[in-house]
Amino acid sequence: MAGGALVSGGRVLVIGGVGQIGRHAVRLLGTFPEVQSVTIGDVDTTRAELLAAELGDRGSMVRLDATDRAQLDLALAESDLVLNALGPFNRFGLPILTAAIENGVPYVDICDDWEATELFLALDHHARAAGVTAIIGAGLSPGITNLLAVLAARGYESVDRLLTSWSLSGASVEFEEAYDGHRPPGSAAMYHWIEQATGTIRVWRDGALADVPPLERLVVRYPELGEAPVHTLGHPEPITLPPVIGGVRESLNVMTGPEWVFDALRDTADRVNSGELTIAGGVERMANNTPPETREERLRLPSVWAMAEGSKDGRKVATAVRMAALPAHRMGGSTGYPAAIAALLVLRGDITETGVLPPERAIHPERFFAELGRVTTPAVASVDDLVIIEEEALA
């Protein structure tokens with residue numbers, strides 16, 4: 001199709017659609033009246049056929065090797081939008097995005113690798129020239145977190161620190177026997193976790209991008225709750241948010257969870273960095289870690305949140321924004337459903353800007369959260385009830 005968003009109807013291709021995240025995007029897409037059909041593109045044709053059957057007449061599958069450009073071109077020729085759920089994005093993302101742009105097909109993905117994000121953004125001028133809307137990082141984190149950060153930073157004259165965060169408690173995936181078979185020793189999410197905890201990561205510090213070691217331990221004060229430790233991890237949010245929000249001195253992505261987990265992760269990361277362990281070895285080591293017998297007492301922060309600290313209305317304040325509810329199916333639904341909603345907004349014509357766009361550039365937060373509230377557990381009718389904003393003065 002020619003570049004530009006559809007108003008109604010739409011044939012959606014989901015690459016990696018039978019994965020632990022992609023399958024939830026497929027199922028939600030199949031409920032939208034704006035979606036004419038959903039084609040699952042995957043090398044696993046058995047599971048793809050099983051999932052397509054759930055959608056009835058609107059579901060189909062095609063064997064698709066994402067590393068084969070000819071196969072990509074054929075599948076894209078029959079599509080009005082492509083949703084890419086195939087990780088790792090450092091390997092598969094750029095060829096798929098490039099093919100979508102060159103075929104003039106709108107694109108949505110759940111990319112959570114900062115390195116791939118920078119490569120994707122470099123294609124912005126190509127996408128604009130082709131009239132293609134390509135929304136990257138439209139999952140949970142990045143995705144929901146980016147839009148929470150936009151709300152947190154509203155009204156600030158300057159932002160001293162912008163944080164996006166997700167908790168280990170929400171990072172597990174839901175196992176489905178029909179699709180996952182026997183469980184592997186480490187999921188794609190675990191590989192991503194180890195990769196982003198090793199080497200250096202790119203953050204926004206002192207008003208510019210900087211490469212720093214990951215797993216820096218910080219203490220934050222969450223409004224109305226109190227102080228708690230957080231730990232830095234590599235992610236796209238610090239790369240994409242500051243240029244959009246403006247006036248940001250520091251932007252970091254942080255994780256929360258039990259301190260013993262981060263102690264074990266630091267030790268594992270040191271072994272990977274020294275060459276003692278491979279990434280796969282690090283995944284196996286973390287998967288075999290067991291919690292200590294004594295339970296630590298700690299403040300539990302929300303599972304997904306963003307916070308701005310800085311100057312607002314002439315005062316030094318901190319504004320935190322969190323979700324009152326998330327979609328079902330743990331990380332699978334919380335990541336796959338937002339991507340499906342981003343695709344829906346493109347198909348409706350709600351997003352008219354072209355180029356390679358992070359969520360904060362493309363998506364109106366209130367419109368997005370109004371749609372997300374329909375599929376959270378429990379469903380939430382009002383955006384004000386779904387997105388909770390808390391603010392307090394800083395000393």
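The legends below describe close-up views of a predicted model. Local features require pLDDT of at least 70 and side-chain atom pairs count only at pLDDT 80 or more, while totals for chains, interfaces and linings use all residues. Residues are numbered from 1 along each chain as its sequence is written, and side-chain values use heavy atoms, with hydrogens and water left out.

**View 1. The largest cavity and its lining.** A cavity is a set of points, on a 1 Å grid over the protein atoms alone, where a 1.4 Å probe fits but cannot get out; lining residues have an atom within 4 Å of a point. Grid points are joined across faces, edges and corners, and a volume is the space filled by probe spheres set on the points. Two cavities of 30 Å³ or more are counted by this rule. The largest has a volume of about 50 Å³. A228, P229, T256, G257, E259, R298, L299 and L301 form its lining. Four of these lining residues are nonpolar, two polar and two charged. In this classification Ala, Val, Leu, Ile, Met, Phe, Trp, Tyr, Cys and Pro are nonpolar, Asp, Glu, Lys and Arg are charged, and the others, Gly among them, are polar.

**View 2. The second largest cavity.** Its volume is about 40 Å³. The residues lining the second largest cavity are C111, T117, I136, G137, P142, N146, P236, T240, P358 and P359. By class, this lining comprises six nonpolar and four polar residues, with no charged residues.

**View 3. Packing of helix 9 (residues 188-195) and helix 12 (residues 279-287).** Helices (H or I, at least four residues) and strands (E, at least two) are DSSP runs, numbered from the N terminus. The two axes lie 9 Å apart at an angle of about 110°; axes are lines fitted to C-alpha atoms, for helices over the stretch in contact, and angles run from 0 to 180 degrees between N-to-C directions. Helix 9 is therefore roughly perpendicular to helix 12, a term covering 65 to 115 degrees, whereas angles under 35 count as roughly parallel, over 145 as roughly antiparallel and the rest as oblique. M190, Y191, W193, I194 and E195 of helix 9 contact I279, A280, G282, V283, M286 and A287 of helix 12, where contact means heavy atoms within 4.5 Å. The contact of helix 9 with helix 12 has nine nonpolar residues, one polar and one charged.

**View 4. Packing of helix 13 (residues 330-348) and helix 15 (residues 365-372).** Their axes come within 10 Å and cross at roughly 120°, so helix 13 and helix 15 are oblique to each other. On the helix 13 side, P338, I341, L344, L345 and R348 meet F368, E371 and L372 in helix 15. Six residues of this contact are nonpolar, none is polar and two are charged.

Methods: 1 Å grid on protein atoms, 1.4 Å probe; cavity = no way out; pocket = protein on both sides within 12 Å on 5 of 7 lines; lining within 4 Å.
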